[in-house]
Structures are given as structure tokens and as C-alpha cells.
Amino acid sequence: MLGARKFLADVVRYPRNSHLHRHFMTKSTVSISPSVDASAQNEMPPRLWTTTLLFSISMLAAITVVPWYGFTHGFSVGAWAWYAFFLIANGMSITGGYHRLWAHKSYDAHWILRLFFMIFGTMSLQNSAFAWCSGHRTHHLKVDDVDEDPYSIKRGFWFAHIGWMLREYPSGKPDFTNIPDLKRDPLLQFQFKHYVPLALITNIGFPLLAGWSVGDLWGTFILAGILRLVVQHHVTFFINSLAHMWGSRPYTDSNTARDNPVLAFITYGEGYHNFHHIFAHDYRNGVRWWQFDPTKWAIVALQWVGLTRRLKRTPPFQIQRALLAMQFTRAQERLARAQEKLATMPAHEIHAPTSRHSHVEQLRQRIAHEYEHFLAAVADWAKVKEQWLEQKKREVIEHWEHANLQRRLKEIEQGLRMQRRRIRVLHAQLA
Ligand SMILES: [Zn+2]
Ligand SMILES: [Zn+2]
């Protein structure tokens, strides 16, 4: 299985990028003499030819062979149908399987579903679940770290998108110590051991078989084999690149992850990446019921037929707390800007200076008051939650007491929701 291991070793890795690459090289050569240091800066990690050729040839074929065949022969409806099926099956196996089931353990799945994810996840050619999940767990733990996040956006768009897989970057070295749970799974062991034959069967055998079934062998092979592979590759890669650059940060600004409904639309819901980075164990990425997240809907629908269970949800209070904390941060920033503007403006340019000063001061006091209220609610919630857990543990609670505490928790949550509305009004006044 040396070939498979070499392939696996090749498929997970790292790229170049300008000043961050220099940062990395500088760090590792800091004790060496200046002349050595200068030459080391020009050194690039060795190229990984398997992935470089795989990505280049498939992309080249997608932009030449696909349009050429389309214009000269045309594609049948059957070929398009198989293209759509394989594209969605691959995408959902990565988001629902590799990502939310295996990397984050956000729910449990029946073996039939796990088998489906294993087969179509292999077909997506994004490496074994072992390699994918191990790298992804490191990404969450070290997010944005230029030296340790395998696809750190701080090393640039190209690196985060695809570059990290094209060279043997130290941050991309496979290290399976963070997946002891997955290593015990016989299905994933099987995939890891037989990755290359499985990848060939699914990527060549499946599209040919599908083409034969609809009487359009080559048309189906070109659409469902080549175009499908390239499209689903880059759609997934966008989650590492664009989803860390483009969008809003409603839950946390402690990392670069963004919420972006446009990306969610093409990534089966993974575009709500800001929520995902703070609450990674939640089976939802788009946590609001209206947010487009087909992966979350599929996981819930499959629960009705017994294929998924034990779905993990973040307590609503924690979500509200994160949203409010971000609103306070932004309110403070706006307030500081308003105060600074007033302080630096020549007195004669301020219209009604006394009332302007007192208006800003009034807003400051109201925000401070709301913040106190927020801290008190958080402390209150923690206390009640503790009591509730305590009671649950002892299992001696009277039923009405239990219900009472739950009602109290709900009330505090409701209180926070009201407070968010008030803060929004204050924001509008500060704008
Ligand atoms: Zn991320
Ligand atoms: Zn994740």
C-alpha cells in the first residue's frame, strides 16, 4: 500500500505566499548567519506533483474538453442528470460526512449513511477522511496561525484556497494524533487502506457506468466525471478561502471566519462559517431556521427515517450571548469614534456643542447600563444553569421545580433577546 500512502502524503499539504512565507522562513532560520538566511528565504518546500498535476489537468480538461464536446456533440439530459446527482452526492458527503459527522462529531449516523458518505466522499478526491478531518481539526484549533493552521488565510487567498496542497509545507504534514476516535472506525480504516483503488473506481468506473445506463457514455463521462470533479473541488475550497475573507462576523471577531449567504448557497450551507467557528459542534452552520443550509435540513430529515440521531445543538442562550457581546464591542467602537470626532473638531464647527456632547454622553451611559444588565443576565443564567444541572444529576427533583427552573431559563433568554432589540435602536442613534 506504499502507493496509496505516498498519494495520501501528497494530497494534504502547503503553498507559498509572499510575506507570510518570508515570515515562516525567517522564523525557522533565525539563528543562522545572514547570508544563509537570505538564500533560505528563496527556498520553497518541494512541490507535490500528484496534487499539482491532478488539479491542473482536471481544470484544463474542464475548460477545454467540456465546451468542445458540448459544441460538437452536445450533452444528453441523462448526462446532465448524472452530473447533478454526483455533484450533490459528493458535496453533501463532504459537508454532512467528512465535515459535520466525522471532523466535528455533531451527530451520529446509521452505517448505511456512513457508507454513502465514505463512497461519495472518496469520489470527491479530497483525500481520505483521516487526512481531511485531521487537517480540519487542526484548522479549528489553530485558525489563522500562519505557521500551524494548514490553510491559514493569513498566508493569502491562493494559499488558503489550493496552494496549501501543492507543496510540502510543514503545516500540512499529516498528523493523525488528533483523530484517535476516527482511527478506530473500521469503515474509515478500509477507506484509508484502499484509497487509490476506491478513488479510481468511483471517478472512472461510476461515470462510465452512469453513461452506459443512459446511452451517452462519453458525454456523461465528461460532465459527471471531469466537470463535476473540478466544480466540487473549488466549491469546497471556497470555504477555506472566501469564507475567511468575505462576509459578516455577527458571533465573534476573534478569527477571520465569515457568515456569507451567497457562499452558503453554493456550499450546501457551509457559508455560515462565522457561526461554525465559534460553535463547531453544532450540526447546523446556518443556525436560524431561514438560513440556507441544505446539509442541516438533510440531517434533520434523515433523523425522521432513523438514519441520523443525537443531533447536537448550541443552547440558545449561548448564541444570544455571543451576538450581544459582538453588538457591545461594535457599540463601544462607534462610541469611541463619535467621542474622538467631537474632541478633535474645532469648537466653532460643532452645531450646538453642548447638546451634541450631552447626547453622546447620554448614549454612553445607556450602553454602559445595558452592558451591566447583560453581565448580570449572563451571571444569572450561569447560576440557574448550574442549579439545573445539579438537580438533574441528583435525580431527586420534584417535577414542578424542574419545570420552574426551565421556565426561569427561558425568561432570561427572552430578556436577552429584548435587550438585543434595544441595542439595535442605540446603534441606529449612533450611526
Ligand atoms: Zn474555517
Ligand atoms: Zn469545521
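Reader: Hi! How does the end-to-end span of H6 compare with what 1.5 Å a residue should give?
Author: Hello! At 1.5 Å a residue, the 13 residues of H6 should span 18 Å, and the end C-alpha atoms are 18 Å apart, so the two agree. Bear in mind that this is a predicted model.

Reader: Thanks. Which residues of H6 are buried?
Author: The buried ones are Leu113, Arg114, Phe117, Met118, Phe120, Gly121, Thr122 and Met123.

Reader: And what does the backbone do just after H6?
Author: Leu125 takes a positive phi there, of about 50°.

Reader: Let's go to the other end. Where is His110 found?
Author: His110 sits in the loop between strand E1 (108-109) and helix H6 (111-123).

Reader: Why is His110 called partly exposed?
Author: Because His110 has 14 other C-beta atoms within 10 Å, and a residue counts as buried only at 20 or more and as exposed at 12 or fewer.

Reader: Which residues does His110 touch, leaving out those up to four places away in sequence?
Author: His110 touches Gly306 and Leu307. As for Arg309, its C-alpha is 8.3 Å from that of His110, although 199 residues separate the two in sequence.

Reader: New topic: helix H4. How far apart are its end C-alpha atoms?
Author: They are 33 Å apart, which agrees with the 34 Å that the 24 residues of H4 (residues 49-72) should span at 1.5 Å a residue.

Reader: Nice. Where is the kink in H4 centred?
Author: On Ala62, with an angle of about 30°.

Reader: And which residue takes a positive phi just after H4?
Author: That's Gly74, with a phi of about 80°.

Terms used. Residues are numbered from 1 along each chain as its sequence is written. Chains are lettered from A and ligands numbered from 1 in the order in which they are written. This is a predicted model: local features need pLDDT of at least 70, side-chain atom pairs count only at pLDDT 80 or more; totals for chains, interfaces and linings use all residues. Helices (H or I, at least four residues) and strands (E, at least two) are DSSP runs, numbered from the N terminus. Two residues are in contact if their C-beta atoms, placed from the backbone, lie within 7 Å. The expected span of a helix is 1.5 Å times one less than its number of residues. The bend at a residue is the angle between axes fitted to the seven residues ending there and the seven starting there.
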